[in-house]
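I am opening a notebook on a structure I have not looked at before. The entries follow the order in which I looked things up.

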Amino acid sequence: GWGDCLQGLSEQVERYRNSQVMHDSVPDQLKPAIYCNGVRMPFPPPTKQIRPPRKRPLQHRQTSTKVWPLTFDNEGDSCC
């Protein structure tokens, strides 16, 4: 559910790789990103067809320019 805690790179990748936020219609700057030592790495491809995100009326839409990168510092999960 929404409140479940996901920790670690592999759990985050599995959470987002088939998410609607990864659809081609979503701008790249709004998608999750993986960085290794400051270099953006390719996000693993989806394992199923991704549906386009639902469009909400403008008065209910919250906009954000925040990017939520998936980063790690070579402890635990390995990026390179």
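Which backbone oxygen lies 3.5 Å from a polar atom of the side chain of Lys31? I looked and found the backbone oxygen of Met22. I note here that the model is a predicted one.

**Entry 1: Lys31**

I then looked up where Lys31 sits, and it is in the loop between H1 and S1. Is Lys31 buried or exposed? I have it down as buried, and without a salt bridge. Asp24 is the nearest side chain of opposite charge, and I read 4.7 Å for the distance.

**Entry 2: the overall layout**

I stepped back to the whole protein. I find 1 helix and 3 strands, and along the sequence they follow the pattern α-β-β-β. The protein has 80 residues, and 22% of them count as buried. I also looked up the contacts with a separation of 6 or more: residues 24 or more positions apart account for 66% of them.

**Entry 3: salt bridges**

How many salt bridges does the count come to? I have 2 in the notebook.

I took the pair Arg17 and Glu14 to begin with. Their side chains meet in a salt bridge at 2.7 Å, N to O. I checked the accessibility of each partner. Arg17 has 14% relative accessibility and counts as buried, whereas Glu14, with 48%, is partly exposed.

The other pair is Arg40 and Asp28, whose side chains meet at 3.2 Å, N to O. I looked up where the partners lie, and the pair links distant parts of the chain. Arg40 is in strand S2, residues 39-41, and Asp28 is in the loop between helix H1 (9-16) and strand S1 (33-36). The two residues are 12 residues apart. On accessibility, I have Arg40 at 37%, which counts as partly exposed. Asp28 is partly exposed too, with a relative accessible area of 44%.

**Entry 4: rings**

I searched the whole structure for aromatic pairs and found 0. I did find a charge over a ring. The charged end of Arg15 sits over the ring of Tyr16, and I read 4.8 Å from the centre of that ring.

**Entry 5: Glu11**

Where is Glu11? I place Glu11 in helix H1. Its side chain is joined to that of Ser10 by a polar contact of 3.3 Å. I checked the accessibility of Glu11 as well: the value is 36%, and Glu11 counts as partly exposed.

**Entry 6: Asn37**

I went through the backbone and stopped at Asn37. Asn37 is not a glycine, yet its phi is positive, at about 50 degrees. I wrote this down because most residues other than glycine have a negative phi. Asn37 lies in the loop between S1 and S2. Why does Asn37 count as exposed? I find a relative accessible area of 56% for Asn37, and exposed means over 50%.

Note on methods:
Residues are numbered from 1 along each chain as its sequence is written. This is a predicted model: local features need pLDDT of at least 70, side-chain atom pairs count only at pLDDT 80 or more; totals for chains, interfaces and linings use all residues. Side-chain values use heavy atoms; hydrogens and water are left out. A salt bridge is a side-chain nitrogen of Lys or Arg within 4 Å of a carboxyl oxygen of Asp or Glu. Buried means under 20% relative accessible area, exposed over 50%, partly exposed in between (1.4 Å probe, protein chains only). Helices (H or I, at least four residues) and strands (E, at least two) are DSSP runs, numbered from the N terminus. Rings of Phe, Tyr and Trp (its six-membered ring) pair if their centres lie within 6.5 Å; planes under 30 degrees apart count as stacked, over 60 as edge-to-face and the rest as tilted. A charge sits over a ring if NZ of Lys or CZ of Arg is within 6 Å of the ring centre and within 35 degrees of the ring normal. Lys and Arg count as positive and Asp and Glu as negative; His and the chain ends are not counted. A polar contact is a pair of N or O atoms within 3.5 Å; within protein, one must be able to donate a hydrogen and the other to accept it, and residues adjacent in sequence count only if both atoms are side-chain atoms. Contact means heavy atoms within 4.5 Å.
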